[in-house]
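Hi,

Here is the structure I promised to pass on to you. Please have a look at it first, and then read my notes below.

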Amino acid sequence: MHRRLFRWRLAVAAAGALMLLALYFSLVYAPTERTMGQVQRVFYFHLGNAWNAFLAFFLVMVASIGYLKTRSRRWDIYAEALAEVGVVFTTVVLITGSIWGRAAWNTWWTWDPRLTTTLVLWFIYDGYLALRASLENWETRARLSAVYGIVGFVNVPIVFMSIRWWRTIHPVVISLSGMDMDPRMVPAMLASLLAFTLLLGVCTVLRAQISQSADALQSMKDAFRQD
Amino acid sequence: MGYLFAAMAVAWGTLFLYLAYLGQRQAQLSRELTLLQQATRDSAKKEE
């Protein structure tokens with residue numbers, strides 16, 4: 001128990017320290033972009049949040065498959081936690097993207113393929129959470145949302161590929177030919193990706209623990225009523 | 001610079017609010033658990 005708590009505190013401390021490092025690299029170390037100026041620094045956090053959203057929804061699919069195979073409540077709890085955390089990160093992506101868009105394109109929103117598919121992604125996983133909230137029986141809820149979690153993931157590769165498949169004004173920074181950025185920007189991007197990935201882990205475990213505690217509490221309540 | 005500050009404030013504000021919300025939910029569950037444990041102990045004493 002103590003070892004688990006220690007590991008947990010270590011993970012939280014590491015996430016905090018990495019986040020400070022990512023802030024340093026993004027705001028101080030990375031050079032100012034010539035065309036966009038300071039606002040380009042939004043990119044490092046925008047990308048970190050987008051990566052987290054994609055990773056979270058991929059893991060929702062993995063956990064959903066795990067649930068359908070094993071029918072274990074643990075998989076369902078993690079699918080729910082990851083979907084909720086993924087929606088939070090997608091919300092941040094949409095808002096930071098909109099602020100960046102105002103500075104770079106002079107508009108808060110445009111129906112560009114990347115923006116539109118990301119908004120659809122946000123609605124898909126809002127729908128996932130709404131579906132979960134609407135079903136009382138946990139087994140029905142787990143089964144239906146597992147199917148939804150697998151099918152819903154189809155949109156993630158579409159979001160990723162949208163800037164490569166269709167004509168878009170969204171920048172394509174990483175492509176098969178390499179990274180279209182100053183080499184000094186790369187550490188800022190990597191530090192940000194690493195820090196946000198750890199933050200995703202911390203948020204997911206915290207959210208899953210809440211569901212586990214709620215389950216334990218409900219079992220105790222049921223036992224107390226029976227007595 | 002203003003846009004950078006706005007984006008950072010929104011990003012960190014949203015994440016901190018979410019973490020605070022999770023912390024609040026966990027604290028509420030702990031409170032309920034303590035109350036239930038107390039009720040269980042009281043009911044056991046009465047039976048004795």
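A polar contact here is a pair of N or O atoms within 3.5 Å; within protein, one must be able to donate a hydrogen and the other to accept it, and residues adjacent in sequence count only if both atoms are side-chain atoms. With that in hand, look at A:Asn52: a polar atom of its side chain lies 2.6 Å from the backbone oxygen of A:Phe196.

Some housekeeping before the rest. This is a predicted model, in which local features need pLDDT of at least 70 and side-chain atom pairs count only at pLDDT 80 or more, while totals for chains, interfaces and linings use all residues. Residues are numbered from 1 along each chain as its sequence is written, chains are lettered from A and ligands numbered from 1 in the order in which they are written, and side-chain values use heavy atoms, with hydrogens and water left out.

Chain A as a whole

Chain A has seven helices and two strands (DSSP runs numbered from the N terminus: H or I of at least four residues for helices, E of at least two for strands). Read from the N terminus, the order is α-α-α-α-α-α-β-β-α. The C-alpha trace of chain A spans about 70 × 40 × 30 Å along its principal axes. Of its 227 residues, 44% count as buried, meaning under 20% relative accessible area with a 1.4 Å probe and protein chains only; over 50% is exposed, and in between is partly exposed. Taking contacts (heavy atoms within 4.5 Å) between residues at least 6 apart in the sequence of chain A, 76% join residues at least 24 apart.

A:Asn52 counts as buried because its relative accessibility is 0%. Beyond residues up to four places away in sequence, A:Asn52 touches A:Phe89, A:Phe196, A:Thr197 and A:Leu200.

A:Gly66 is also placed in helix α2 of chain A, and counts as buried at 9% relative accessibility. Its contacts, leaving aside neighbours within four places in sequence, are A:Arg71 and A:Trp75. From A:Gly66 to A:Ala79 is 13 residues in sequence and 9.4 Å in space, C-alpha to C-alpha.

Setting aside neighbours within four places in sequence, A:Arg132 is in contact with A:Arg73, A:Asp76, A:Glu80, A:Arg141 and A:Ser145.

Where chain A meets chain B

The contact draws 33 residues from chain A and 25 residues from chain B. Between the two chains about 2,700 Å² is buried, 83% of it from carbon and sulfur atoms; buried area is the accessible area (1.4 Å probe) that two parts lose on being put together, summed over both. On the chain A side, A:Ile210, A:Leu217 and A:Phe224 lose the most area to chain B, together 22% of what that side buries.

There is one salt bridge between chain A and chain B (a side-chain nitrogen of Lys or Arg within 4 Å of a carboxyl oxygen of Asp or Glu). B:Glu32 forms a salt bridge with A:Lys221, and the closest N and O atoms are 2.9 Å apart. On the side of chain A that touches chain B, α7(A) supplies the largest share, 13 residues.

Best wishes
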